[in-house]
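User: Please take a close look at one part of this model. I would like the local detail and then its setting in the whole chain.

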Amino acid sequence: MQGINDKLRILAIHGYHQSDIIFKGKLGSLRKGFKKELDITFVKAPHKIPAKNDTDENAEESGYGWWFNTEDHVFKATVPSDNCIGFEDSVAVITKAWQEQGPFDGILGFSQGAAFAAILCVMQQRKMCPLKFDFAILISGFKSLCAPHALYYNEEVEMPSLHIYGENDKVIPTEMAEEVCKFFKDCKKITHEGGHYVPSKKEVYKAFIIEMMKRKCQ
């Protein structure tokens with residue numbers, strides 16, 4: 001009988017203007033489809049984004065980000081910037097989650113969370129943080145255009161990765177999603193015809209997850 005230790009333990013990193021609660025909902029199909037294979041832990045970004053509408057009933061569960069690229073605390077992935085405000089705080093949050101809830105076999109990120117996950121892969125490889133994981137799943141990921149992050153894109157990441165993105169994504173252009181793939185040596189790419197969302201079909205993830213489970217058991 002398969003036990004909790006046989007599952008792949010994954011730390012899930014939500015997108016910009018989301019939260020751990022919202023992301024858990026968006027990964028509902030994935031969690032249900034792989035309930036025997038995956039144990040997913042969700043972590044919330046430390047930076048609250050000011051609500052545009054004070055009457056938003058979901059205000060407490062929405063609007064968190066990993067870093068901002070403007071002084072007035074806004075983040076736009078497509079805009080180059082000299083700022084990455086709050087980034088170090090977010091690294092501390094991930095490190096704390098690792099120490100208190102880890103270890104984890106891999107990380108999964110969406111949008112800004114996927115961009116963050118890609119950077120964490122490099123930080124781990126360079127031993128710049130106490131994380132230790134074996135794979136990454138990046139959904140609608142991209143290369144950060146924040147100048148302070150440039151140092152993370154000058155070497156190849158050795159670990160296996162799965163990159164998933166939509167051909168009609170209006171938030172993260174396809175070329176940005178493809179750009180980050182170049183930094184991963186063992187990269188598997190899956191595209192879908194949709195936009196900026198987490199695909200719910202089990203087949204999108206199945207082959208990669210099975211491969212990672214086999215590696216864990218070796």
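Analyst: Start with a pair of residues: Ala 12 stands opposite Phe 42 in strand 2. This is a predicted model; local features need pLDDT of at least 70, side-chain atom pairs count only at pLDDT 80 or more, and totals for chains, interfaces and linings use all residues. Residues are numbered from 1 along each chain as its sequence is written, and side-chain values use heavy atoms, with hydrogens and water left out.

Strand 1 covers residues 8-13, and six bridges join it to strand 2. The two strands run parallel. Strands count as paired if DSSP finds at least two bridges between them. Helices (H or I, at least four residues) and strands (E, at least two) are DSSP runs, numbered from the N terminus.

Strand 2 spans residues 38-43. Five of its six residues are buried, so strand 2 is largely enclosed by the rest of the structure. Buried means under 20% relative accessible area, exposed means over 50%, and partly exposed lies in between (1.4 Å probe, protein chains only).

Which residues does Leu 27 contact, leaving aside its neighbours within four places in sequence? They are Ala 12, Phe 42, Leu 108 and Val 198. Contact means heavy atoms within 4.5 Å. Leu 27 lies in the loop between helix 1 and helix 2 (28-33). Its relative accessible area is 0%, so Leu 27 is buried. Ser 200 is 173 residues from Leu 27 in sequence, yet their C-alpha atoms are 7.5 Å apart in space.

His 17 lies between strand 1 and helix 1 (20-26). Its phi is near 70 degrees, a positive value in a residue other than glycine. With a relative accessibility of 35%, His 17 counts as partly exposed. His 73 also has a positive phi, near 60 degrees. That residue sits in the loop between strand 4 (64-65) and helix 3. His 73 is partly exposed, with a relative accessible area of 35%.

Another backbone feature involves Pro 103. The peptide bond from Gly 102 to Pro 103 is cis, with omega near 5 degrees. Pro 103 lies in the loop between helix 3 (87-101) and strand 5 (106-110).

Residues up to four places away in sequence aside, Leu 162 touches Ala 136, Ile 137, Leu 138, Lys 188, Ile 190, Val 204, Tyr 205 and Phe 208. Its C-alpha is separated by 18 Å from that of Thr 41, 121 residues away along the chain.

Finally, the whole chain. Its secondary structure comes to six helices and eight strands. From the N terminus on, the order is β-α-α-β-β-β-α-β-α-β-β-α-β-α. The radius of gyration is 16 Å, close to the 17 Å that the globule rule gives for 218 residues, so the chain is as compact as a globular protein of that length. That radius is taken over C-alpha atoms, and the rule is 2.2 Å times the number of residues to the power 0.38. Buried residues make up 50% of the 218 residues. Among contacts between residues at least 6 apart in sequence, 77% join residues at least 24 apart.
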